[in-house]
Amino acid sequence: MSAPQDHKHPRAPENADNRPLEDAGTQALSEALASSFKLVKVIMVLLVVVFLGSGVREVGSHERAIKLQFGKPVGAGESALLGSGWHWAWPYPINEIVKIPIGQVQEVTSNVGWYFRTREQEAANMDPPMYPVLTSMYDGYLLTADGNIMHARATLRYRITDAVRYAFNFTSASNVVRNALNNALNFAAARHLVDDAVRKDMAGFRDEVRRRLDQTLIAQDLGVVIENLELIPIPPRQVKDAFDAVLGAEAVSGTLISEAQTAANRIMATANGAAQAVINRAHADASRLTNSVAADALYFQEQLKYYRANPDLYITRLRAEYMGRIMTNVNTRVIMVEPEDGNRRELRLQLTREPEAPTPAPR
Amino acid sequence: MKNNRLGMIIGFVLIIIFSVLLFMYQVRVTEVAVRTRFGKVVDTITEPGVGFKLPWPIERIQTFDKRIQNFEDTLEETLTQDGRNMLVMTYLGWSIENPAIFRDRVKEGAISEAERNLLSIVRSAKNEVVGKHPFSHFINTDDSQLKFAEVEREILDRVGPQAANTYGIKIHFLGIKRMNLPDNITQKVFDRMRAERQKQVAAFQSQGESEATNIVTSAMRIRDEKLAGAEAEAKRIIGQADAAAAASYQVFNEEPDLAKFLIRLEAAEKSLGKGATLFLDPRTSPFDVLLPEKFQPTQAK
């Protein structure tokens, strides 16, 4: 029954005259809302992506990183360290990635032992004008064991071995290391005479700084290990000329001693030669004496038979022969004759065979 | 429906975030915290991580940096036991050990305020300790006299308990950073250093000359000793030769008269060089033949 009625009287849409206008407005609003909502959704998705992506961190080749989860390191000791590369973590406050330059060699320079220089002067390695006094407010210096003053600059290179401790236990671990270095400089200077520290025993001074620094770093448990320590100790500029004069005097003294050593070596060499010559001469004399005596003995034995045959004749002959030989060497021979009347007379026999050499005429 | 679901999700997330902010707290590895309830400290949190709390204004979590802070006091003049003026500056590492005390005693729980308080403790302890030691305890080549480390320890022993009890601060280490002299004294030190160097110059000069002389004279002494030794050796050698000669001369004993005659003849010949003047007795053979009493014709055979 109702169907034919419905068929006869089909249900007409309400407000047929206003429908196009309302539909358009609603549709526009609906579309606007839909598009805004889409935009919001896109923005939200982007925000979520950015939020999740903000936890990505790159760790360099000379770095390590530690991931904190709700403020607490994930893992302990070496296992807590993240290596180089990309790492993802939930953004703060869930996770946090803290980078630590563990592979890089860190460097600190002492700041208590050197006179004041501006940054520009440091960069140009230029010295400022010199004043007769040092001003504690600006200038740094060290007191030595003999109550003197010296300057020293130390540059320490070190590596971090305990990253967690280095990064999380100190507000500025490098400043603590620097102060340990400053302390070591003061300590070493306090045990050394200025001449030793800046000239004679620089290695000893450096070793002392290093020893003290090692002790301090271990005691303070900084989690670092020393790679290298450079140290420049110098006397104050105000008395540099005096130190140079000592060096000069030392050099002169060294030269004197060196020259004396050379002279001494020469004397010794000459002495050795002379002593050897004396001994050689003695050997030669001894040899000559021995040979001569042996020859004499032989001659004596040969002459013995002639002598025994007629001693007087032998003696007379031999004496005459010797006298003859003697007279050939002697230029002037004088024979004293004692006259019978007792008056002394002198008879000179000039038996010179060779004329005397003429005396050169005086000029 | 779909929009409503999304809205619900967003609302839920917001509620979670809001709840987390209200009911949870986080303490970082570098921090310590105190939990206060209506302004009163009820708990100290020293371990890092998250935890629950009642929402503000009932409970509040106040965090503090627990890392070791580096603090340096001022470089100021201090009198040593023997009345010497010196300037000492120390550095120390401190951290908040008891955050409850720290929060109560340090204004606003600020690090700067804590260091201001520390400065007065350190300064007082430093002056007290330095005043107990003579200047020679700070610089000395003799290890038994040098009290550098002891001075540091004594200052630390005074500062440590006071900082802990008063401010909840732990002092981890303390060292001397600078030791200087009053500015006007540095010039006197320079004058002394110059005078010392001048003495060294004079010492080097005289020492060099003295050592050089010593080296040469020592060499000369050794030379004389060597020559004397050589002379002695030469005498020994000649002596041996003489002894050997004496043995050879044994043959002369067979006819000593002849031997003496020959020796004397040889000696006489050797002793008369060229150009010598010889005085002879007229009776000397063979000149005695010139004497009339010799070889008279009557005597001729």
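The second largest pocket has a volume of about 410 Å³, a volume being the space filled by probe spheres set on grid points joined across faces, edges and corners. This is a predicted model, in which local features need pLDDT of at least 70, side-chain atom pairs count only at pLDDT 80 or more, and totals for chains, interfaces and linings use all residues. Residues are numbered from 1 along each chain as its sequence is written, and chains are lettered from A in the order in which they are written.

A pocket is an open set of points on a 1 Å grid over the protein atoms alone, where a 1.4 Å probe fits, with protein on both sides within 12 Å along at least five of seven lines; lining residues have an atom within 4 Å of a point. The lining of the second largest pocket holds 20 residues, and N111(A), Y115(A), F116(A), R117(A) and E122(A) lie nearest its centre. This lining divides into 7 nonpolar, 5 polar and 8 charged residues (Asp, Glu, Lys and Arg count as charged; Ala, Val, Leu, Ile, Met, Phe, Trp, Tyr, Cys and Pro as nonpolar; the others, Gly among them, as polar).

Turn now to T80(B). With a relative accessibility of 5%, T80(B) counts as buried (under 20% relative accessible area, with a 1.4 Å probe and protein chains only).

Definitions and conventions: Side-chain values use heavy atoms; hydrogens and water are left out. Buried means under 20% relative accessible area, exposed over 50%, partly exposed in between (1.4 Å probe, protein chains only).
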